[in-house]
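This report describes a protein model, going from the whole chain to single residues. The sequence and structure are shown first.

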Protein chains: 2
Amino acid sequence: MPQDKQTNRRLLLASRPHGAPTAANFRLESQPVPEPDAGQVLLRTVWLSLDPYMRGRMSDAPSYVPPVALNEVMCGGTVAVVERSEHPDFCVGDWVVSGSSWQDFALSDGRDLIKLSGPVLEHPSWALGMLGMPGFTAYMGLLDIGNPQPGETVVVAAATGAVGSLVGQIAKLKGCHVVGIAGGAEKCRYAEQVLGFDRCLDHREDNLAENLSRHCADGIDVYFESVGGKVFNSVLPLMNTKGRIPVCGLIADYNSSGIADGPDRLPLLQSAILRKRLRIEGFIINQDYGQRFDEFFNQMSRWVAEERLVFREDIVDGLDNAPEALIGMLEGKNFGKVVVRVAQDKPDLKR
Amino acid sequence: MPQDKQTNRRLLLASRPHGAPTAANFRLESQPVPEPDAGQVLLRTVWLSLDPYMRGRMSDAPSYVPPVALNEVMCGGTVAVVERSEHPDFCVGDWVVSGSSWQDFALSDGRDLIKLSGPVLEHPSWALGMLGMPGFTAYMGLLDIGNPQPGETVVVAAATGAVGSLVGQIAKLKGCHVVGIAGGAEKCRYAEQVLGFDRCLDHREDNLAENLSRHCADGIDVYFESVGGKVFNSVLPLMNTKGRIPVCGLIADYNSSGIADGPDRLPLLQSAILRKRLRIEGFIINQDYGQRFDEFFNQMSRWVAEERLVFREDIVDGLDNAPEALIGMLEGKNFGKVVVRVAQDKPDLKR
């Protein structure tokens, strides 16, 4: 079902998931396209970003931001085009990054919008990936918390995902030995052959701990955590003294509800933190590093221009396919950054 | 059995404990007093420090330092007097801090010795407490990792112990709201009335979580961890966003062996680290901060001179009572910093 300019399709949170989300947690509805008031713009969504944090917003467990309310539009970052403008700073045809959510049209007072300009207009969806929130997460988590030094070993989970693929490539640019962890032989091959990781290991194989130990012969200095779950069990014993663990996500645990079965691994972790003097630090990119976006964007844009980074997108066509794509991503079925192509527009680069 | 100058009593590690240490893990033997070679001094122990880390050295689990070997002298920091000197930098009668272990006499080449001078000579055992390793641990862990700001809430476990009592007092000097946790009503009263904590809670009472929540109305910004175990369960839900947890010890877990029963609290901790963007960092004071000892010592000496710090010692008389005192300390039976008075000497302040 393609986008049309008379209808605003919206994907609502119909119910909260117990465990993994299902299609029944979402509901598609159609409404009239809203009218901008003075000081507002009407945005039309072209690209919608799907990201692991969205699972958290579907639950009403206490978190750092309120959940999506029931029967409200699912939240999400987008690249959108200004369709109508009653705002002095925006013109019809401007491309912007916005938080306009899982819908075709949205109103904005402009405060949450960033205009796209320069090279990113050639590839607008990168503003949701390499040059947007996932890239910013990879860059700051790795460099500011992880602080990797040349020759050190960096291990990154979800190695072919939006964040992980960039963490590993930036670590290579910094002269590190990089070992990825991913699900399945194809992703592992891609991480080694295309992304340039020194090694990538399949977490679905039984001998992950053994393989990791073999390929991290000097131990692990930085573990970039975005996964949680059992991968951590294999990583922890290999952490070196003064190792750093930036934590940007725990996708393996997002669907879990209630208390996990034993044994209790907390004393093991505490003991490792003490004995190895580890630093473990969680971060939420915009809250913690918002004021350093330009620093990231400028450096990352240079690397992109120099073609030193590879960024694979897993493109899903059509807003109505977003629920299935999110469900699949939480199961690791995606291969690269998941973006939904809601409309086919491309920026006019001569404009 | 008092010290005599013809015999070197030594307390050896006779066997490794399973769980809590017992008297049978130690053996007292007597040897002739050793003779210093050229470049050596002969030290006679006056004060022996007993500290929680010693439990770790009794086990042969992998750690940041090798364990004490079986049938070797138990390790430990001491304040000692130079009895004979074949070393150009030391004179007979010098008082030093050394690592001369659980024995009356030891040889040293001088490299591990720090001469006592100035006000600390009036109270030499403070060199093992407020002005030594425990004070250094409290100071750096709280100020460098914890980084407490005026008005923030600092919670400290083992609140009347060598480290905890100083953590809380330094936090008060920095303008924080300080809540201690200790074992028993007497220790709690002491922390509030003598140490000046805003509140001290008894971890032996059933409603620790509830009490903690009531007395940390604005949440917890810094939790100084030296205990582990169940106290952490009450603290974690109250940690504020961007909270800091310096970890200097885990006394409650030192005696545990093998895998703890469930439920598995690791996912809960990981989730808190992420959602609250916590920083948890282990440290070993001399390895991590050795180069900043003077900074600590100068500031701490000023506070001591200004009588802004209280430091309670739990003095045990006689080297042969050290095993029992260590066992008691690991059970929380001490009240203040445990030091063993191995000999009765006092420095000659007019010298």
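## Overall fold of chain A

The model is predicted. Chain A contains 10 helices and 15 strands. Its radius of gyration is 21 Å, close to the 20 Å that the globule rule gives for 351 residues, so chain A is as compact as a globular protein of that length. Along the principal axes, the C-alpha trace of chain A spans about 60 × 45 × 35 Å.

Of the 351 residues in chain A, 57% are buried. Among contacts in chain A with a separation of 6 or more, 68% are made by residues 24 or more positions apart.

## Surface and charge

Chain A has an accessible surface of about 14,700 Å². Carbon and sulfur atoms account for 49% of that surface.

Chain A carries 36 positive and 44 negative charges.

In general, two copies of a chain are related by a rotation about an axis and a shift along it. The same surface serves both copies, as 100% of the contact residues of chain A recur in chain B.

Leu266(A) lies in helix α7 of chain A, which covers residues 266-275. With a relative accessibility of 2%, against a cut-off of under 20%, Leu266(A) counts as buried.

Which residues does Leu266(A) touch, not counting residues up to four places away in sequence? They are Phe232(B), Asp264(B), Arg265(B), Leu266(B) and Leu269(B). The list includes Leu266(B), the residue with the number of Leu266(A) in chain B.

Val156(A) is placed in strand β8 of chain A, residues 153-156. The relative accessible area of Val156(A) is 0%, so this residue is buried.

Leaving aside neighbours within four places in sequence, Val156(A) is in contact with Gly164(A), Val167(A), Gly168(A), Val179(A), Gly180(A), Ile181(A), Phe197(A) and Phe224(A). Val156(A) and Gly19(A) are 137 residues apart along the chain, and their C-alpha atoms are separated by 25 Å.

Notes. Residues are numbered from 1 along each chain as its sequence is written. Chains are lettered from A and ligands numbered from 1 in the order in which they are written. This is a predicted model: local features need pLDDT of at least 70, side-chain atom pairs count only at pLDDT 80 or more; totals for chains, interfaces and linings use all residues. Side-chain values use heavy atoms; hydrogens and water are left out. Helices (H or I, at least four residues) and strands (E, at least two) are DSSP runs, numbered from the N terminus. The radius of gyration is taken over C-alpha atoms; the globule rule is 2.2 Å times the number of residues to the power 0.38. Buried means under 20% relative accessible area, exposed over 50%, partly exposed in between (1.4 Å probe, protein chains only). Contact means heavy atoms within 4.5 Å. Accessible areas come from the Shrake-Rupley method with a 1.4 Å probe; for residues, only the protein chains shown count as cover. Lys and Arg count as positive and Asp and Glu as negative; His and the chain ends are not counted. The place of a charge is taken as NZ of Lys, CZ of Arg, CG of Asp or CD of Glu.
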